[in-house]
Amino acid sequence: MSAEELRLELDELRQLEGLAKRPRIQSLLANEIRNVEAKLAKATAPAPEPQAAASAPARPVLNYVTLGSFSWDQDNEKIRIYVFLEGVEQEKVETSFKPMSVDIKFHDVKGKNYRCAIPKLNKEIVPEKCKVVVKPTKVVVTLWKASKGNWLDLYFKEDKFKPSMDKEKDPMSGIMDLMKVNVFSWLTSSSFCDHSVTCCMHSPVQNMYEEGDEDMKRTIAKAWSDSRSGKTTDSLSGLR
């Protein structure tokens with residue numbers, strides 16, 4: 001019932017109380033008036049201010065001792081890592097398995113916290129199948145391989161024999177460098193004719209001279225001229 005309805009009811013009760021003659025009726029009306037007054041006071045009372053939520057205490061920063069020494073073995077489907085650590089409780093082990101990483105934390109082990117992490121694995125694993133089992137003197141971590149096969153190492157390693165591609169390098173620069181070496185070798189060889197650029201029709205540089213544009217012809221001519229005068233400057237820089 002709203003506060004307005006309570007006020008109307010209270011007014012009517014008071015009117016009835018003024019008309020009542022019998023003591024019993026007057027007593028009943030007086031009791032009901034007190035009840036309605038109590039309800040009206042409660043309905044019109046100001047709402048209490050909400051208490052400010054207590055701020056959660058800051059979580060203490062935990063320090064960990066890194067476990068860098070452990071052993072491991074494997075079969076065709078899984079990897080087993082053996083961490084030799086006593087006093088570990090299963091419920092105090094925190095694990096984070098991802099397709100290419102492992103992070104395991106051991107809390108409150110004889111007053112210390114330990115951590116065993118592999119930031120980048122050699123190959124992918126299946127996180128939802130991986131598990132940690134605590135034993136009296138060691139912890140066994142089982143990693144399930146995403147694809148069957150043998151791992152050469154736990155850690156990912158770059159292939160040193162894989163050629164690196166420089167995105168900013170001009171793919172033609174290697175060819176032009178090789179051409180420069182060949183031209184200089186020809187110009188400085190004992191078989192090079194020193195009379196003119198066009199006299200040695202059998203030379204591969206002669207073919208370059210004949211088939212090249214004006215810039216290439218000028219560059220080769222300058223290289224020929226420099227070789228006769230003994231200059232060692234990079235006369236073929238214009239080819240690049």
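Residues are numbered from 1 along each chain as its sequence is written. Because the model is predicted, local features need a pLDDT of at least 70 and side-chain atom pairs count only at pLDDT 80 or more, whereas totals for chains, interfaces and linings use all residues, and side-chain values use heavy atoms, with hydrogens and water left out.

**The chain as a whole**

The chain has five helices and eight strands, where helices (H or I, at least four residues) and strands (E, at least two) are DSSP runs numbered from the N terminus. Read from the N terminus on, the elements follow the order α-α-β-β-β-β-β-β-β-β-α-α-α. Of the 240 residues, 31% count as buried, a word that stands for under 20% relative accessible area, while exposed stands for over 50% and partly exposed for what lies in between (1.4 Å probe, protein chains only). The accessible surface, computed by the Shrake-Rupley method with a 1.4 Å probe, comes to about 17,300 Å², and 53% of this area belongs to carbon and sulfur atoms. Among contacts (heavy atoms within 4.5 Å) between residues at least 6 apart in sequence, 53% join residues at least 24 apart.

**Helix α1**

Helix α1, residues 3-19, has 17 residues and reaches 25 Å from its first C-alpha to its last, close to the 24 Å expected at 1.5 Å a residue; the expected span is 1.5 Å times one less than the number of residues. Its buried residues are Ala3, Leu6, Leu10 and Leu13. They cover an arc of only 75° around the axis, which puts them on the same side of α1, the arc being that of the directions from the helix axis to the C-beta atoms. These buried residues pack against α2 (23-44), whereas Leu8, Glu12, Gln15, Gly18 and Leu19, on the other side of α1, are exposed.

**Cysteines**

A search of the whole structure finds zero disulfides, a disulfide being a pair of cysteine sulfur atoms within 2.5 Å.

| Residue | Relative accessibility |
|---|---|
| Cysteine 116 | 5% |
| Cysteine 130 | 10% |

**Confidence**

The mean pLDDT, the predictor's confidence in each residue from 0 to 100, is 76 for the chain, and 66% of its residues reach 70 or more. Over residues 194-202 the pLDDT is below 50, and this stretch has 20 contacts in the model beyond near neighbours in sequence. Over residues 235-240 the pLDDT stays under 50 as well, and the model has 18 contacts for them beyond four places in sequence. Where pLDDT is low, the predicted coordinates should not be read in detail.
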